[in-house]
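Here are my notes for you, point by point. Keep the model open next to them while you read.

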Amino acid sequence: MLLSSSQVLFFSSLSLGTLLSISSSSWFGAWIGLELNLMSFIPLISSKNNQYSSEAALKYFLIQALGSSVIIMSASFVLSSNELAIMLMTVALLLKSGAAPFHFWFPSVMEGLQWPQVIILMTIQKIAPLSLLSYTLYSSNLPIIPAAIISSALVGAIGGINQTFLRKIMAYSSINHMAWMMSAVLISETNWLLYFSFYCFISTSIVMLFNFQEAFHISHIMNYSSHSPQMKMIMFSSLLSMGGLPPFTGFIPKWFIIQEMISSHMFVILMVLLMSALLTLFYYLRIAMMAFTISSPSTKWGMKMMSTSVLTPSLLYINLFGLLAPNLFMVIL
């Protein structure tokens, strides 16, 4: 689907706002970047073809405006109480990024978006809040961050178990991955960038598959997968990679984070993360097995015949890279 000139303009200003936030030398410049990012994303959400887009745009605007107001309020406490100011700043950034316990808006907004906007919300829109969050963590050690990590891991794992709508499953999966990314932020900026890069590649590949199939419910995956054996293999490997099952690509960043957390003696948080990873892997495995084994021949007439010559190799390479990565690392080391 080709982008219109207005969509290109708003996406460019959205990217500019993100770059301004992460490269700014002052909190005022970072706040301006966040506002530019917000005002550019709202027109991208709005769509005449989706009746829920207006509701999603309004919810997103109100939540982000609340987070921006908390950031402004935290600036007034810098001179009187620096600890309170950093606490409020951290709460605002957690709210903007959709981390638990400030996650309630995230699944409902995701439910009202089309798949291209879902990719932006899950990836690009997390760059600026997480980058600013890393700046606050380097200046102080707040107890709210471990609490947010544990709650995000549990909410993301438990919340997605009983879901059948794919966008809500991806939303709760993103909340769970937020716990891993915040843990990586506590360790070092390099680990966070590594995990976030893998997360962007894998989640984008899965959302591209869902958009390609026009799937919004688990049953839609079964219908399409039964029509295409190639799509069965791609969907199976992509979902297991997203769940972090070794030896797929999604396990590589978690492998590094586990090693670093053991070295940093973060055993309690690591135990919660591993338990939550098993739960997320359960509902990814449930979708993968349904797509791989169950067919629905009665609905084959309704599926569109589309070429997968370009999509198939790229998505397979992304999600099967983990099979070759250990050997490559051994050669490098």
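1. A quick word on terms before we start: an axis here is a line fitted to C-alpha atoms, for helices over the stretch in contact, and angles run from 0 to 180 degrees between N-to-C directions. Helices (H or I, at least four residues) and strands (E, at least two) are DSSP runs, numbered from the N terminus.

2. Where this comes from: the model is predicted, so local features need pLDDT of at least 70, side-chain atom pairs count only at pLDDT 80 or more, and totals for chains, interfaces and linings use all residues. Residues are numbered from 1 along each chain as its sequence is written, and side-chain values use heavy atoms, with hydrogens and water left out.

3. Now the overall picture. The protein has 15 helices and zero strands. Of its 333 residues, 52% count as buried (under 20% relative accessible area; exposed is over 50%, partly exposed in between, with a 1.4 Å probe and protein chains only). Take the contacts (heavy atoms within 4.5 Å) with a separation of 6 or more: residues 24 or more positions apart account for 75% of them.

4. Have a look at helix α1 (residues 5-23) and helix α2 (residues 27-45). Their axes come within 7 Å and cross at roughly 160°, so α1 and α2 are roughly antiparallel to each other (that label takes angles over 145 degrees; under 35 is roughly parallel, 65 to 115 roughly perpendicular, the rest oblique).

5. What touches what here? Residues of α1, including Phe10, Phe11 and Leu14, meet residues of α2, among them Ile32, Leu36 and Phe41. By class, this contact of α1 with α2 has twelve nonpolar, nine polar and no charged residues (Ala, Val, Leu, Ile, Met, Phe, Trp, Tyr, Cys and Pro count as nonpolar, Asp, Glu, Lys and Arg as charged, the others, Gly among them, as polar).

6. How many salt bridges does a search of the whole structure find? Two (a side-chain nitrogen of Lys or Arg within 4 Å of a carboxyl oxygen of Asp or Glu). One joins glutamate 55 and lysine 59, at 3.1 Å from N to O. These two sit four residues apart in helix α3 (residues 53-75), so about one helical turn separates them. Glutamate 55 is partly exposed at 42% relative accessibility, and lysine 59 is partly exposed at 30%.

7. Glutamate 111 also pairs up, with arginine 167, their closest N and O atoms being 3.8 Å apart. Arginine 167, at 10% relative accessibility, counts as buried.
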